[in-house]
Amino acid sequence: MNHERGQSFLLELPTLRLELPFSSILLNKLFIQTGDGSMAPLDDIAETIAKDQGLTAKVLTMANSAFYGLQSEVRTVNRAVTVLGLNEIRTLILALGVRHIATLHPLPGSFDISRYFEHQLAVGLAAKELAPALGAPDGDNLFTAGVLHDLGKLLTAQHRPADWQAIETLAQTDVIPFHQAEDRYWGLDHGLIGSMILKAWNLPPELTEPVNWHHAPTHAPDHRRAALTLCTADAIIHFLANPVAPATAPWQNVLAKFHLSLDDTLESIQTVLASRPPNLFAAAA
């Protein structure tokens, strides 16, 4: 229908102004320090973050927010890293980066930014919970990928608002998922768009590939199990937000394949969401 517009947008992505509120050098160093097999001391990681005063202030504000519900005030980055953990800090910093990007350009009136961030975090939490049961290698990476998985939606809404609204209308009119409407409208989906930007930030394939393929995990050339877990988490969170008739859905088939109880799985994810309400994160970010 509009495949040329889709290809044009992909070509434009590298030229978009998507400045993170912190140095890309800092982000790259942070991922090296918190990556698998890293022996970087916590003090070194805290020092990397503390070099950016603005980022330090945001991290401390979030660490002391109701979302984390810590018993005592966190006054230093060192303490935040110690209390929250390396992967939580890494994910938090990326979420703050995306939150900043969301302020750079207007969004269509129907794009609810708070609900967007609630969904992102809920999928991250669900993916981390599902990872062991689905045999995904790294639940912490999946938590991060979940928080980033719909970045492409945000970028489309900001930079191609007319196309975003046309896709949204198509999804509502034909009663199909948003990613299917995207493919029908311009031959690509938001997973590809988001992953291209994440790659430009030099994030590792363990994050970019599940995001890229989270609506087509069986086609993923690498990190297929992580993509499947992210896909399943996304579908479950959508289901919990808007339960449909109990006809068998693809994500239910995934649970059955891994011999997981539908009721038990939903209960475990709802318990996680209740213990860390995504709306509190969205309000504080």
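**Exercise 1.** Which residues in α4 meet which residues in α5?

*Before you start.* This is a predicted model, in which local features need pLDDT of at least 70 and side-chain atom pairs count only at pLDDT 80 or more, while totals for chains, interfaces and linings use all residues. Residues are numbered from 1 along each chain as its sequence is written, and side-chain values use heavy atoms, with hydrogens and water left out.

*Solution.* 
Step 1: Find the helices, which are DSSP runs (H or I, at least four residues) numbered from the N terminus. Helix α4 covers residues 53–63, and helix α5 covers residues 77–84.
Step 2: Look for contacts, meaning heavy atoms within 4.5 Å. Thr 56, Val 59, Leu 60 and Ala 63 in α4 meet Val 77, Ala 80 and Leu 84 in α5.
Step 3: Sort these residues. Ala, Val, Leu, Ile, Met, Phe, Trp, Tyr, Cys and Pro count as nonpolar, Asp, Glu, Lys and Arg as charged, and the others, Gly among them, as polar. The contact of α4 with α5 divides into six nonpolar, one polar and no charged.

**Exercise 2.** Describe how α4 and α5 are placed relative to each other.

*Solution.* 
Step 1: Take the axes, which are lines fitted to C-alpha atoms over the stretch in contact, with angles running from 0 to 180 degrees between N-to-C directions. The axes of α4 and α5 are 10 Å apart, and the packing angle is about 45°.
Step 2: Name the arrangement. Angles under 35 degrees count as roughly parallel, over 145 as roughly antiparallel, 65 to 115 as roughly perpendicular and the rest as oblique. The two helices α4 and α5 are therefore oblique to each other.
Step 3: A crossing is left-handed if the near helix is turned anticlockwise from the far one by less than a right angle, and right-handed if clockwise. For α4 and α5, the crossing is left-handed.

**Exercise 3.** Now find out how α3 packs on α5.

*Solution.* 
Step 1: Helix α3 (residues 42–50) packs on α5 at an angle of about 125°, with axes 8 Å apart. That makes α3 oblique to α5.
Step 2: The crossing of α3 past α5 is right-handed.
Step 3: From α3, Leu 42, Asp 43, Ala 46, Ile 49 and Ala 50 meet Val 77, Asn 78, Val 81 and Thr 82 of α5. Among the residues of this contact, six are nonpolar, two polar and one charged.
Step 4: Is Thr 48 buried or exposed? Buried means under 20% relative accessible area, exposed over 50%, and partly exposed in between (1.4 Å probe, protein chains only). Thr 48 is buried because its relative accessible area is 5%. Not counting residues up to four places away in sequence, Thr 48 touches Leu 26, Lys 29 and Gln 33.

**Exercise 4.** Describe α6 and its meeting with α5.

*Solution.* 
Step 1: Helix α6 (residues 86–101) has 16 residues and reaches 23 Å from first to last C-alpha, close to the 22 Å expected. The expected span is 1.5 Å times one less than the number of residues.
Step 2: Of the 16 residues of α6, 12 are buried, so the helix is largely enclosed by the rest of the structure. The buried residues include Arg 90, Gly 97 and Ile 101.
Step 3: The axes of α5 and α6 come within 6 Å and cross at roughly 115°. The helices α5 and α6 are therefore roughly perpendicular to each other.
Step 4: Ala 80, Val 81 and Leu 84 in α5 meet Leu 86, Glu 88 and Ile 89 in α6. This contact of α5 with α6 has five nonpolar residues, no polar and one charged.

**Exercise 5.** Where does Asn 202 lie, and what is its phi?

*Solution.* 
Step 1: Asn 202 lies in the loop between α12 (190–200) and α13 (205–212).
Step 2: Most residues other than glycine have a negative phi. Asn 202 has a positive phi of about 65° although it is not a glycine.
Step 3: Asn 202 is exposed, because its relative accessible area is 54%.
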